[in-house]
Amino acid sequence: MTYALEISHLCKSFGGVKVTQDVSFVVKPGERRLIIGPNGAGKTTLFNQISGDLQPDSGTIKVFGEDVTHQPVHRRAHAGVSRTYQIITLFSKDTLLHNVALSLLGVSARRFQAFKPLKLDDTLYAQAETILASVGLKDSAHLAASEISYGEQRRVEIAVAMAQSPRLLLLDEPLAGLSHDERIIVRDLVAALPKSTTIVMIEHDMDVALAFAEQIAVLHYGSLIVEGDRETVVNHPRTREVYLGH
């Protein structure tokens, strides 16, 4: 089988601190994978290596059979990798429409036409409007990102990520900081994403996360300590030790 994501013996240190310690796991195409662990477990650092924001010290990363270990971020986007971040990274002064259109442009051949301005009647804007409609924000398309709520910004980030038609989507705490109602909206949005997109998600809202996940990996001090289906992971003594202290 060609896996959507194959991590082999990945290691990363900052100075003398090991933040990823010999991590290996695979994710099947279409799988919904959850990565959990306490603060400081190395979850976001792992994501940063998969997306290309950080280079590992050793080990390999394959996406649908392609070794992307040393590829830059933009090459990984063309391999089908897209992600969201813990801290929102939208262009706050630009409209939602422009934010999504720029994401579309990033994987378009037109990205090489640096001096050709985007216009509102451009086909990229038409595509961006359709994508915003899919996250329930078509009516807000011409607002600046700074003019909408935090929960709506989270939905725009998912729209920006999905604009690149990813085969592998990395969601870094998409429910963080949201109200109860906003969590429901984003939860349902993520649940409705097509199975053609493999999803790996970091999340602390365990009720939502466990309902989402088909397979779960538990990180602790940079090491993968438990992996399996929901029942296996939830009932594993190492999971209880990490989260409950016994």
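## The loop around Tyr221

Tyr221 sits in the loop between strand 9 (215-220) and strand 10 (223-228); helices (H or I, at least four residues) and strands (E, at least two) are DSSP runs, numbered from the N terminus. Although Tyr221 is not a glycine, its phi is positive, at about 50°. Is Tyr221 buried or exposed? With 61% relative accessibility, Tyr221 counts as exposed (buried means under 20% relative accessible area, exposed over 50%, partly exposed in between, with a 1.4 Å probe and protein chains only).

This is a predicted model, in which local features need pLDDT of at least 70 and side-chain atom pairs count only at pLDDT 80 or more, while totals for chains, interfaces and linings use all residues. Residues are numbered from 1 along each chain as its sequence is written, and side-chain values use heavy atoms, with hydrogens and water left out.

## Ser165, another positive phi

Ser165 is not a glycine either, yet its phi is positive, at about 45°. Look for Ser165 in the loop between helix 5 (150-162) and strand 7 (168-172). Its relative accessible area is 58%, so Ser165 is exposed.

## Val160 and its neighbours

Helix 5 also holds Val160. Which residues does Val160 touch, leaving aside those up to four places away in sequence? They are Leu90, Asn99, Val100 and Ser103, where contact means heavy atoms within 4.5 Å. His98 is 62 residues from Val160 in sequence, and their C-alpha atoms are 10 Å apart in space.

## The whole protein

Stepping back, the protein has 9 helices and 10 strands. Its radius of gyration is 18 Å, close to the 18 Å that the globule rule gives for 246 residues, so the protein is as compact as a globular protein of that length. That radius is taken over C-alpha atoms, and the rule is 2.2 Å times the number of residues to the power 0.38. Along the principal axes, the C-alpha trace spans about 60 × 40 × 35 Å.

Of the 246 residues, 46% count as buried. Among contacts between residues at least 6 apart in sequence, 67% join residues at least 24 apart.

## How confident is the model?

The mean pLDDT of the protein is 89, and 93% of its residues reach 70 or more; pLDDT is the predictor's confidence in each residue, from 0 to 100. Where is confidence lowest, and where is it highest? The lowest mean, 78, belongs to helix 7 (residues 206-212), and the highest, 98, to strand 4 (residues 58-63).
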